[in-house]
Amino acid sequence: MAALLGASCVFAQREKADAHKADALVYAELAKAPDKARAKRNPLENDRDAVAAGQNLFEQHCSQCHGNAGNGTQKAPSLRADEVQNATPGAIFWILTNGVVRRGMPFWSKLPEPQRWQLVTFIKSLGAVPKTPDEQRD
C-alpha cells in the first residue's frame, strides 16, 4: 500500500512538472516581443472607459478561446497568469498585433490600434488569479 501511495505521489509530481513546462512554452511567446515593442507604454492605461471598451472587444473576439473571465480553456491559456499580468503592456500589444498563429491565436493587426490598446487595458485589469496554498509552496 505504501509503495502504491509513493508511486502515485511521484506520478502526480511528474504530471505537475510536465504541465508547468507546457505552460512555460505557451507564455514564452511574450518574451519574443522585441525590446522596442516591449517598451511601448499603453496610452489608455488610466482610461476607465478603455477597460469597458476592451471588455466588449474581449467578449467579441477573445472569450471563446480564453474563457469569459480570461482564465483560459483547453483552446487558449489564462490571461490571468502571472506571466501575462507581469508582462509589459507593449509585449501584450505585440502579441495581439502579431498573434501566435502556430498555436492557433490569430493576429489582430487589422483591429485599429486604439482598440488593441483597449484590449490590453482590459487584460491587465483582470489581475492574476490568487495562488492556492499548494501553488505557493512550489
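**Salt bridges, core packing and confidence in a predicted model**

A salt bridge (a side-chain nitrogen of Lys or Arg within 4 Å of a carboxyl oxygen of Asp or Glu) is formed between Arg-102 and Glu-29, whose closest N and O atoms are 2.5 Å apart. Arg-102 belongs to the loop between α6 and α7 and Glu-29 to helix α1, so this pair ties together parts that are 73 residues apart in sequence. Helices (H or I, at least four residues) and strands (E, at least two) are taken as DSSP runs, numbered from the N terminus. The structure is a predicted model, in which local features need pLDDT of at least 70 and side-chain atom pairs count only at pLDDT 80 or more, while totals for chains, interfaces and linings use all residues. Residues are numbered from 1 along each chain as its sequence is written, and side-chain values use heavy atoms, with hydrogens and water left out.

The structure holds 4 salt bridges. Side chains of opposite charge can pair when their charged atoms come close. Glu-29 also meets the side chain of Lys-32 in a salt bridge, at 3.2 Å from N to O. With regard to accessibility, buried denotes under 20% relative accessible area, exposed over 50%, and partly exposed the range in between (1.4 Å probe, protein chains only). Glu-29 is buried, because its relative accessible area is 10%, whereas Lys-32 is partly exposed at 47% and Arg-102 is exposed at 60%. Through shared partners, salt bridges join Glu-29, Lys-32 and Arg-102 into one network. A further salt bridge links the side chains of Asp-35 and Arg-38, with an N to O distance of 3.3 Å. Both residues lie in helix α2 (residues 35–38), 3 residues apart, or about one turn of the helix. An α-helix has 3.6 residues a turn, so residues three or four places apart point the same way. Asp-35 is exposed, with a relative accessible area of 60%, and Arg-38 is partly exposed, at 30%.

The interior was examined next. A nonpolar core is defined as a set of buried Ala, Val, Leu, Ile, Met, Phe, Trp, Tyr and Cys residues joined through side-chain atoms within 4.5 Å. The largest such core has 27 residues, and those with the most contacts inside it are Leu-30, Val-84, Ile-92, Leu-96 and Leu-119. At least two residues of this core come from each of α1 (2–31), α3 (48–61), α6 (89–98) and α7 (113–126), and α7 gives the most, with 6 residues. In soluble globular proteins, nonpolar side chains tend to be buried together. Contact is counted when heavy atoms are within 4.5 Å. Apart from its neighbours within four places in sequence, Ile-92 is in contact with Leu-30, Val-84, Ala-87, Val-120, Ile-123 and Lys-124.

Helix α7 has 14 residues and reaches 20 Å from its first C-alpha to its last. This is close to the 20 Å expected at 1.5 Å a residue, where the expected span is 1.5 Å times one less than the number of residues. Its buried residues are Arg-116, Trp-117, Gln-118, Leu-119, Val-120, Thr-121, Phe-122, Ile-123 and Leu-126, and they pack against α3, α5 (82–85) and α6. Thr-121 lies in this helix and counts as buried because its relative accessibility is 5%. Neighbours within four places in sequence aside, Thr-121 is in contact with Asn-42, Leu-44, Glu-45, Asp-47, Ala-50 and Val-51. Helix α7 is followed by Gly-127, whose phi is positive, near 70 degrees.

A disulfide is a pair of cysteine sulfur atoms within 2.5 Å, and a search of the whole structure finds 0 disulfides. Cys-62 is in no disulfide, since the nearest cysteine sulfur, that of Cys-65, is 8.5 Å away, too far for a bond. Cys-62 is buried, with a relative accessible area of 8%, and Cys-65 is partly exposed, at 28%.

Confidence is expressed as pLDDT, the predictor's confidence in each residue, from 0 to 100. The mean pLDDT of the chain is 83, and 75% of its residues reach 70 or more. Among the elements of the chain, helix α8 (residues 133–137) has the lowest mean pLDDT (51) and α7 the highest (97). Over residues 2–22 the pLDDT is below 50, and this stretch has 2 contacts in the model beyond near neighbours in sequence.
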